[in-house]
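Please look through the sequence and the model shown here. The paragraphs after it lead from the whole chain to a few of its parts.

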Amino acid sequence: MIYVDGDFRISPAALPGHRYSYPGHEVVGEVIEVGDEVQHLQVGDRVTLQSGPNCITSEAQPICRSCASGNYSLCERANLLSGPEPIGGGWSEELLVHEQQLFRISSEMNDEQAVLLEPSAVAVHAVLRRLPQPDEHVLIIGAGSIGLLTLQVIHALVPSATVSIMARYPFQIEQATRMGAAHILYPQDSYQGVERTTGAKLFTGTFKNKMLLGGYEVIYDTIGSKETIHDSLRWARAGGTVVLAGLSLHTMQLDLTPIWYQEIDLIGTLAHGRETWPIGTHEQCSTFSIAAEMIESEQIHPEKLITHRFALTNYRSAFATATAKSRSRAIKVVFDFALLPASVVPNVRASARQRHPVTTAAVWPQEQQSTHEETNLATSPDEYFIQPVSAFAPEPVEIPLPTTPGSIVEIEQAPQFSTEEQSALEDQNQTNTSVISKPKRSRQSTQSHKNTEDIQASAEAIGNTTGTNPASDTLEK
Ligand SMILES: [Zn+2]
């Protein structure tokens, strides 16, 4: 059972829901079957899941304004779409989805990078919602995978910005420092930390009411809790901006007075879509394309966040690892189909193994250690990598194989899922997962319109849906 902590009084709860929900939207795989009407993909293509259903994939008419502009995450019909629904998620061995929900990746990107393309796009979108200017002071709250990816993106796009990051655990601080954070804020003396790093002036009123004059020009809150939003509004300097990247599924009572008294801009960000890109132009580009370009050109390194891998059958251990960050030192936990036992889906496993990427030097779960350790350690010494504590013995669990519906397109992936999502479960409410190369089956029950030559182009020109949620990092208490 997956537990999601939320409140039925929040706005999405008023909307019609989807009939089924499949866990896992951070996923990379290979197309193993296509339908007759599929135009932009073929068997053997490597793809990642870009979106959920939307006007384009459902052939809704007229296409809503968001989808028409490429911002599929903001589809105004997402909860009202009719037609076939996708089947399977990142945690299944195969998925069946519309081709327009997929983003084809090049051979330049390995599976570990590709499985984290989606959260990378989340970070790119968050940063482009309010791009720091050169030499500005920036704060990132939360040093989970979205926080660290945001750090990498800012470092790549605005290298002269001074970036502080608020982290809870020593291993997060270590990672953040290696990835270019200039200052670390500690939860226990955060207000003093803001004063120290920005030159702001701290005042304390009655009831321990603290406020700063001065502070950061931009704050990316990747946690999104009542506490972090409260603090963000007070840590931004007058005229500054708070970008809400972390998502809370709760109503909350907050002091919003800094928004008036300091003219703070509070900006929301959801997943990804379409951006004005390159910076300084009026051209448009999909967030996924930008993130892919940044990965391929080695401007960002999402694969460095992967600390643990598990076979899908070991999902209990994966969850335990992801939720006990302080012991496991987990940042991103992934499922990898290459780790599945021989009795499970042989064709998929073989394909995943062939493609098994150069990896970071994670400590493998004991059971798999012998399989991968050599390759990993020999091929990629990873300066960013920290050795997680392998306190979690894999516990083989039998799970039923998914039933695969007759479909038009199948994708096969070597899956990994990321568990920062669990951490979110722990404190907040989010469940996001990534899957790396796992076999997935993509459905195209709907024929794709759009006569674009290339799926990436078409994916840009079109919208997909808001199925993917931005992963929110969580500071564990
Ligand atoms: Zn739409």
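**From the whole protein to its parts**

The secondary structure of this protein comes to 16 helices and 18 strands. The model is a predicted one. The protein has 477 residues, and 57% of them count as buried. Among contacts between residues at least 6 apart in sequence, 75% join residues at least 24 apart.

A walk through the parts can begin with strand S2, which spans residues 46-49. Both of its faces are covered. Strand S1, residues 26-33, pairs with S2 in the antiparallel sense over 3 bridges. Within this pairing, Gly29 has Val47 of S2 as its bridge partner. S2 is also joined by 3 bridges to strand S4, residues 102-104, and these two strands run antiparallel. Here Leu49 has Leu102 of S4 as its bridge partner.

The next stop is strand S15, at residues 306-310. Of its 5 residues, 5 are buried, so S15 is largely enclosed by the rest of the structure. Its pairing with strand S16, residues 332-335, is parallel and consists of 4 bridges.

Helix H10 covers residues 287-296. Why can H10 be called largely enclosed by the rest of the structure? The reason is that 7 of its 10 residues are buried. These buried residues are Thr287, Phe288, Ile290, Ala291, Ala292, Met294 and Ile295. Just after the helix, Glu298 takes a positive phi of about 60°.

H10 also packs with another helix. Two packed helices are described by the angle between their axes and the distance between the axes. For H10 and helix H4, residues 117-129, the axes come within 8 Å and cross at roughly 105°. Angles from 65 to 115 degrees count as roughly perpendicular, and H4 and H10 are therefore roughly perpendicular to each other. On the H4 side, the contact is made by Leu117, Ser120, Ala121, Val124 and His125. On the H10 side, the contact is made by Thr287, Phe288, Ile290, Ala291, Ala292 and Ile295. Taken together, the residues of this contact divide into 8 nonpolar, 3 polar and no charged.

Key
Residues numbered from 1 in each chain as written. Predicted model: local features only at pLDDT ≥ 70, side-chain atom pairs only at ≥ 80, totals over all residues. Buried ≥ 20, exposed ≤ 12 C-beta atoms within 10 Å, placed from the backbone. Pairing = 2+ DSSP bridges. Contact = placed C-beta atoms within 7 Å. Axes fitted to C-alpha atoms, helices over the stretch in contact; angles between N-to-C directions. Parallel < 35°, antiparallel > 145°, perpendicular 65-115°, else oblique. Nonpolar A, V, L, I, M, F, W, Y, C, P; charged D, E, K, R; others polar.
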